[in-house]
Amino acid sequence: MKCPNCNSKDIGKIGSHQFYCWGCFIELTVNGDKMSVYQVEEDGTLSSLDDLFFEEELPQLHM
């Protein structure tokens, strides 16, 4: 799997459907074939970045 933001392959699994990109420090949540992208804020909350990606641009997952 590659990060949809920076194309890094340095992705770590942090939950059953959650991943973290060590290249650009974003969190990815996978639900079926849908991916959501979040920025981790200084206080630990997550801000959605999905509006920055068009639906057709989000990659299909091949795990």
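Trainee: How many disulfides does the count come to?

Mentor: The count comes to zero disulfides. Please keep in mind throughout that this is a predicted model.

Trainee: Let me change topic. What does the secondary structure come to?

Mentor: The protein has zero helices and five strands. Along the sequence, this reads as the pattern β-β-β-β-β.

Trainee: Where is Ser36 placed?

Mentor: Ser36 lies in strand 4, which covers residues 34-40.

Trainee: Which residues does Ser36 touch, leaving aside those up to four places away in sequence?

Mentor: With those set aside, Ser36 touches Glu27, Leu28, Thr29 and Asp50. With Asp50 there is also a polar contact of 3.3 Å, joining the side chains of the two residues.

Trainee: Does Ser36 count as buried or exposed?

Mentor: Ser36 counts as buried, because its relative accessibility is 11%. The cut-off for buried is under 20% relative accessible area.

Trainee: Now the aromatics. How many aromatic pairs are there by the rule?

Mentor: The count comes to one aromatic pair. It is formed by Tyr20 and Trp22, with ring centres 4.9 Å apart.

Trainee: Why is that pair edge-to-face?

Mentor: The planes of the Tyr20 and Trp22 rings stand at 75°, so the pair is edge-to-face. Planes over 60 degrees apart fall in that class.

Trainee: What about the accessibility of Tyr20 and of Trp22?

Mentor: Tyr20 counts as buried, at 18% relative accessibility, whereas Trp22 is exposed, with a relative accessible area of 51%.

Trainee: Turning to the protein as a whole, what percentage of its residues count as buried?

Mentor: Of its 63 residues, 29% count as buried. The accessible surface of the protein comes to about 4500 Å², and carbon and sulfur atoms account for 48% of that area.

Trainee: One more point: what share of the contacts with a separation of 6 or more comes from residues 24 or more positions apart?

Mentor: Residues 24 or more positions apart account for 17% of those contacts in the protein.

Terms used. Residues numbered from 1 in each chain as written. Predicted model: local features only at pLDDT ≥ 70, side-chain atom pairs only at ≥ 80, totals over all residues. Heavy atoms only, no water. Disulfide = S-S within 2.5 Å. Helix = DSSP H or I, 4+ residues; strand = E, 2+ residues; numbered from the N terminus. Buried < 20%, exposed > 50% of the residue type's maximum accessible area, 1.4 Å probe, protein only. Polar contact = N/O pair within 3.5 Å; in protein donor to acceptor, adjacent residues only side chain to side chain. Contact = heavy atoms within 4.5 Å. Areas by Shrake-Rupley, 256 points an atom, 1.4 Å probe, with all protein chains shown as cover. Phe/Tyr/Trp six-rings, centres within 6.5 Å; stacked < 30°, edge-to-face > 60°.
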